[in-house]
Amino acid sequence: MFARAQEQPTLAMLAEQQEVKTAVGRKRARTAEEPSELPSRPTAKATRVPEGEAAAAQPPQDGKPSAKSKHRPAEASSKRPVKRLREVVEGTSSTHRDPRFDTMLGSFSDDKFKKRYSFLYDENLPDEQQELRKSLKKVKGAETQQSLKQQLKDVQRQIAEEQRRRASEKTAAEQKGQEREAVKAGKRPYFLKASERKRQALVQRFHELKSSGRLEKVMDKRRKKVAAKDHRLVPRGRRTAPT
Amino acid sequence: MALIKRRKVSQPGKAPKRRRPEPDQEADLDTDIWGASEEEASDEQDEGAVETAEEKRLRIAKAYLQQLRAEGAEDSDGGDQLPGGIGAALRDQALEALGQQSRKLADRIDSTATASTSGRVSRCHWQPATAVTLTADDSKAYSVCKHGQIAAVDIETGKWTSFRASSVSKKQAAVTQARDGPEWVKHAARAAGKAALLAAAVSDDGQLLAVGGGDRFVHVFDARSHELVKSFPGHRDAVTGLAFRQGTHELYSCALDRTVKTWNIDDRTYIDTLFGHQAEVLALDVLRAERALSTGHDHTCRVWKIADESQLICRAAGMALDCCRYVTGTEWLTGSSDGSLALWTQFKKKPVAIIPHAHALPSADPSTVAADTDGAAGVDARSWIQSVAAAHNSDLAASGAGNGCIKLWALRSGKGGRPEKLDDITSIPAPGFVNGLQLAHSGRFVVAAVGQEPRLGRWGRIAGVRNGVLIHQLSLQD
């Protein structure tokens, strides 16, 4: 048997602990060194720890987090067993941002997008087109062929749209360049109307079609389309063909 | 139905309360049990004037001074108001309690002389030594190893005696090898892990030695006679840290089961379990106050305020902290497996000072070294800091890793008189992994538990290194 080591009451211990016994129970008051450093708060049990061990610092009495308490270590209870499903290390919470609505991610600008992601239209979509063509040759089955055809059409449409857009951008940039030169030469600045721009684009398209020989075909199609649209204006009696 | 004997603990300074009559005594049966309890309760309530904290402090202080006088203090020196060296002793104790180091040892270290002398390794262990502990009077060191052996080393002579602790026998401790089967069956690692001892602590008076390891028990021995006092079950995984509260026989233990437990060795009882760590607890330290420090794999240091039943959580940025040691009552050092040494204070949630790559390997090129920051464990286990030590109540500290040296650090104080900076003093050659480290109270020597492998696993191995206890003298200029 070993004699119980008598605890020598030292100044160090006095500086560290005070015991106040009351009639009702035992409350251990704050130690001597603490009141000057930590914000005063009720003793004994620490506050409830939020989920995932993300305990916040103790809020001081006035409710506002003081500058000092921001840097203090968090305080939590030591009596709660750690759950089986626990956060072993402070995990990074992934915040989900919707790029459409988040102001941090800027606003969408079509021409900037097209400029930055031009590689999609230059490399990715043509490659996809080729792959689709290959698989169309290989794959059998009406439904899959149908869907592949549809996909191919979509891809081709996207490529064609982008080409057209680039062409119109180019002409617009050329015109602007010409106007700028004219202004530099000393002439007064002149801005084209939207309708005028449209008309000029139409003229250019006409010339292109004529040179490539597709003019008649395209014009026939257009006439047919317009006729079909105008057919709605024909009176009811005359809509169907006479028997 | 037996009467429940409720005995009121009498308050100090008051007359002892009237005890309730015991069932087998010829009691005064007119006194109803419940009546007696009511009277006692009312007695207490009537008192009202309970001794306040200040009164109690005054009383204890007076008793302490009387005790000091009775111990035969010498004649007073000039300046003190109190007789004997009491004034100086009290001042020192107060400074210690306030956390201000009263001894300047770091500036007295003679770097060249220290580095040039070679330490002595006592080859007292077959397998790597995992922990070492030093008695308060710097006379004896106890170390434990992965084989389950405990060695008691005498510092002066270097002689050692060894004894076993583990509940797993020596035969079981040997790594068994199956004849056939896949590789992971042939080398049965777990048996050896069960026998390993990972932590050791000796009480201030040198009476009790506690060891713990893979068999999940906390074994307490009589330090002098090497007899087992008691093996405490309770931990559900390997015990990784042990510490005695200074001046008492209260033991604190931490384990891989994420808990810290407190034990009273005098009463041979378990007291309490402290929860909070989210991953394995790897190291533990405690000083005189009822306040333990533990660090673990969840990148936190937790200061356990036992009386308040609460913990303070300080977080490291992605550093799994392998070892910790108190420098003052409120500041401590930690070493981590990304090779960085950090100085913490109880009043801040982040470290006050960090030395990254404190034990960088000489062959490492700067690019790979830089890439190791970010908290990821360094690729080479030799750069992990497995042990830190601090000379009690002074500004000298040491750290040990596997890169072949123990580094001595000076703790420089800042504005508040508290340590705020770490300065490199010198390196002591120490081949192998330094798994345990202690600085002498006088600052005259360093004791280290060295081995071929790191403490908690086999992430690296340095062949040809002697397993055992290294004692290196430090030369102090006066």
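By salt bridge I mean a side-chain nitrogen of Lys or Arg within 4 Å of a carboxyl oxygen of Asp or Glu.

Before I go on, a word on what you're looking at. This is a predicted model, where local features need pLDDT of at least 70, side-chain atom pairs count only at pLDDT 80 or more, and totals for chains, interfaces and linings use all residues. Residues are numbered from 1 along each chain as its sequence is written, chains are lettered from A and ligands numbered from 1 in the order in which they are written, and side-chain values use heavy atoms, with hydrogens and water left out.

Back to our pair: are B:Lys305 and A:Glu75 buried or exposed? B:Lys305 counts as buried at 3% relative accessibility, and A:Glu75 counts as buried at 6%. The cut-offs: buried is under 20% relative accessible area, exposed is over 50%, and partly exposed is in between, with a 1.4 Å probe and protein chains only.

How many salt bridges are there over all chains? The structure holds 22. As a general point, side chains of opposite charge can pair when their charged atoms come close. In chain B, B:Asp423 and B:Lys421 meet in a salt bridge at 4.0 Å, N to O. B:Asp423 is partly exposed at 25%, and B:Lys421 is partly exposed too, at 47%. Then there's B:Glu453 with B:Arg461, where the closest N and O atoms are 4.0 Å apart. In that pair B:Glu453 is buried, at 8%, whereas B:Arg461 is exposed, at 51%. Over in chain A, a network of salt bridges links A:Asp122, A:Glu162, A:Arg165 and A:Arg166.

While we're on chain A, here's the overall layout. Chain A has 7 helices and 3 strands, and from the N terminus on they run α-β-β-α-β-α-α-α-α-α. Of its 243 residues, 16% are buried.

Now to the charged patches on chain A. A patch is made of residues with over 30% relative accessible area and no salt bridge, with like charges joined within 9 Å and nonpolar side chains (Val, Leu, Ile, Met, Phe, Trp, Tyr) within 5 Å. Lys and Arg count as positive, Asp and Glu as negative, and His and the chain ends are not counted. Each charge is placed at NZ of Lys, CZ of Arg, CG of Asp or CD of Glu. The areas come from the Shrake-Rupley method with a 1.4 Å probe, and for residues only the protein chains shown count as cover.

On the negative side, A:Glu123, A:Asp127, A:Glu128 and A:Glu131 gather in a surface patch. A:Asp127 lies in helix α4 (residues 118–138) and is partly exposed, at 45%. There's also a positive surface patch, whose members include A:Arg164, A:Arg205, A:Lys221, A:Arg222 and A:Arg232. Which helix gives the largest share of the positive patch? That's helix α7 (residues 215–230) of chain A, with 6 residues. A:Arg222 is found in helix α7, and at 53% it counts as exposed.

Next, cysteines. A disulfide is a covalent bond between the sulfur atoms of two cysteines; the cut-off used is a pair of cysteine sulfur atoms within 2.5 Å. The count over all chains is 0 disulfides. B:Cys145 is buried, at 0%. B:Cys324 is in no disulfide either, with the nearest cysteine sulfur, that of B:Cys301, 7.1 Å away. B:Cys324 is buried as well, at 3%.

B:Arg216 isn't a glycine, yet it has a positive phi of about 70 degrees. You'll find B:Arg216 in the loop between β7 (208–213) and β8 (218–222), partly exposed at 37%. B:His226, also not a glycine, has a positive phi of about 60 degrees. B:His226 is in the loop between β8 and β9 (228–232) and is partly exposed, at 23%.

Note on methods. Helix = DSSP H or I, 4+ residues; strand = E, 2+ residues; numbered from the N terminus.
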